[in-house]
Each structure stands twice: as structure tokens, then as C-alpha cells.
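This briefing goes through one protein chain, topic by topic. Please keep the sequence and the structure at hand while reading.

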Amino acid sequence: MSHCGPNPSIKPLITTLSSIWTVAMILFLLTIIIHTPIMRSHSFQLPHYGHTFTPNNYIANKNNNKNNNNINNHHCYSTITSSRNILPNNPNDMLLVGGGAAATVTVIGILLERQKHRTQQSQYEQWERKSQQLQNERAKRAYIEPRDAANPWTLSELSLYDGTNNDNDNDNEQQSEGPILLAVNGIVYNVWKGRHFYGPGCEYHVFAGRDATRLLAKNRLVEETEEERAIPLSVGEKAALQGWLYTFRNKYEVVGTLEGFDPSETSF
């Protein structure tokens, strides 16, 4: 049976990087917004004291009032100085800060995404190994030795391999994973890989353990009546059969030929 496992793709990486760049640009814009003209102003009017302070007169006032213990003025000066020193005034410095923030966020995002990708890749490889091991075990249980043309399969023998029993093992699990044989156009195939199609209770189980040539040619899932079996296949039905044969030849194992098959029934 085929399996569908994880399919690593670069699409999640691209999506993540796009999100990271969005965050980086937001940080950059916030950096610019914070540096408004008010914060870069060289002059502040303090309504509580009616004085104007600038960097120059602030230093002068500070030198002239070394012994002044006015706590309120000292608090105001400290606030102004702190506001000016926290943020850069030079536009180039702002660009540097914003670009640095964007680069940092981007690098961190890439590293995290790479780690996530490596983890997913490791999990996928483990799944592949486990799946292959399980497939090999099933292949061993479903194996049946092929026969040459001198020892063809009979219809009664095919009926023993319709997926509902196994003459080599009595264990239920082993029975459910044994070979499933069917004949198409005189060739016998082991279709165990398509157990989800031909196994008991599945859509195409009617084809298993028998000569399914006519049913496949007619795309029928129910038995033919005696009158219908007496009617030769039409050209369209023979053409449809070729499509089925192409699938069987490329997907399933040939294990021999069918005794008594007349090739003229399906030839053009």
C-alpha cells in the first residue's frame, strides 16, 4: 500500500521570512516615530517655572548653581538630559538603529526557521525509514513464488488468494496481509500493493481471486449473467482493457499465467 508522508517545502520558510520583515519594518517605523521633533528640540518651555532651557544654558545654570539645592529644578534638568541622551539626534543614527533591529530580528527568525526545518526533516527521514521497514515486512508476508509457463495457475487456485484467507498461516494479521491474486488477459498478478482496492470490503474486491478480464474490460463491479458472458467483447471494451493492463504491468508483480485462457477473446 502506498503512503503519503510529509512533503517539505520552502513555502513555510518564505511565509515566516515575510512575517519577520514585517515586524522588522514596524520596529524601524517605531524608531523613527519616537524620534519626533519635540524630542530632538534644542529648546523646552517649562510651564511650571516660565523658563526656557537649552543645552547650553542648562550647563551654564548648572555651573552657576552648584550650591543650589532646589530639588524641583534639579528634577527638571535631569528629565531633559535623560530625554536627550536616550535617543539619537542624527538621522543616520536612527537608520542604523532601525536597520540593526531589522537585521537582528531577521537573523533570529532565519535561525529559528532553519532549526524548525531541520527538525521536520529529521522527523520525515525517520518516518521514511519506518515506512520502508513496514513495507518490506508486508512484502515478505505477501510474497508468493512465481510460476513459469509450464506450471500455469488454475481458477481454483486463484480463488484461494482473494485476500480472505492464506493457506500458509493461520494468524489473522498474517492472513490479512497475504498475497492477493487475479488474472488479466491470461497473466496472473499479485496485487497485494493495492490491498486497499482489492482486499475484502474494498471497491475492487470482486476482481480478486479470479479471472477479472471481462469485468475490467467492461468496467463492471458486479457479476455478468450467462447471457452477457456469451457476448464477445466489443472494440471499445478491448481498448479499455488495454488501459487496465498498462496499470497492472507497471504496478504489480507477475506471478505466472492462467491455464486455459484464449487470447483471441481480447485481441483486436
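The structure is a predicted model, in which local features need pLDDT of at least 70, side-chain atom pairs count only at pLDDT 80 or more, and totals for chains, interfaces and linings use all residues. Residues are numbered from 1 along each chain as its sequence is written, and side-chain values use heavy atoms, with hydrogens and water left out.

**Whole chain**

- The chain has 11 helices and 5 strands; these are DSSP runs numbered from the N terminus, with helices being H or I of at least four residues and strands being E of at least two.
- Of its 268 residues, 27% count as buried; buried means under 20% relative accessible area, exposed over 50%, and partly exposed in between, with a 1.4 Å probe and protein chains only.
- The accessible surface is about 17,300 Å², and 57% of that belongs to carbon and sulfur atoms; the areas come from the Shrake-Rupley method with a 1.4 Å probe, and for residues only the protein chains shown count as cover.
- Among contacts with a separation of 6 or more, 66% join residues 24 or more positions apart, where contact means heavy atoms within 4.5 Å.

**Nonpolar cores**

- The largest nonpolar core has 18 residues, of which Val-184, Val-191, Tyr-198, Leu-216 and Phe-248 touch the most other members. Such a core is a set of buried Ala, Val, Leu, Ile, Met, Phe, Trp, Tyr and Cys residues joined through side-chain atoms within 4.5 Å.
- At least two residues of this core come from each of strand S3 (181-184), helix H9 (213-218) and helix H11 (235-251). H11 gives the largest share, with 4 residues.
- Leu-216 touches Val-184, Phe-207, Leu-241, Trp-244 and Phe-248, with residues up to four places away in sequence not counted.
- A second, separate core has 10 residues, including Trp-153, Leu-181, Ala-183 and Leu-258.

**Largest pocket**

- The largest pocket holds about 400 Å³ of space. On a 1 Å grid over the protein atoms alone, a pocket is an open set of points where a 1.4 Å probe fits, with protein on both sides within 12 Å along at least five of seven lines, and lining residues have an atom within 4 Å of a point. Grid points are joined across faces, edges and corners, and the volume is the space filled by probe spheres set on the points.
- Of the 20 lining residues, Asp-211, Thr-213, Arg-214, Arg-229 and Glu-265 are the closest to the pocket centre.
- H9 supplies the largest share of the lining, 3 residues.
- The lining divides into 8 nonpolar, 3 polar and 9 charged residues; Ala, Val, Leu, Ile, Met, Phe, Trp, Tyr, Cys and Pro count as nonpolar, Asp, Glu, Lys and Arg as charged, and the others, Gly among them, as polar.

**Single residues**

- Phe-268 lies in the segment after strand S5 (253-257) and counts as exposed because its relative accessibility is 66%.
- Leaving aside neighbours within four places in sequence, Phe-268 contacts Val-235, Lys-238, Ala-239 and Gln-242. Phe-268 and Ala-239 are 29 residues apart in sequence, with 8.7 Å between their C-alpha atoms.
- Most residues other than glycine have a negative phi. Asn-185, in the loop between S3 and strand S4 (187-190), has a positive phi of about 55°.
- Asn-219 also has a positive phi of about 55°; Asn-219 sits in the loop between H9 and helix H10 (226-229) and is exposed at 52% relative accessible area.
- Gly-201, in the loop between helix H8 (195-198) and H9, is exposed at 80%.
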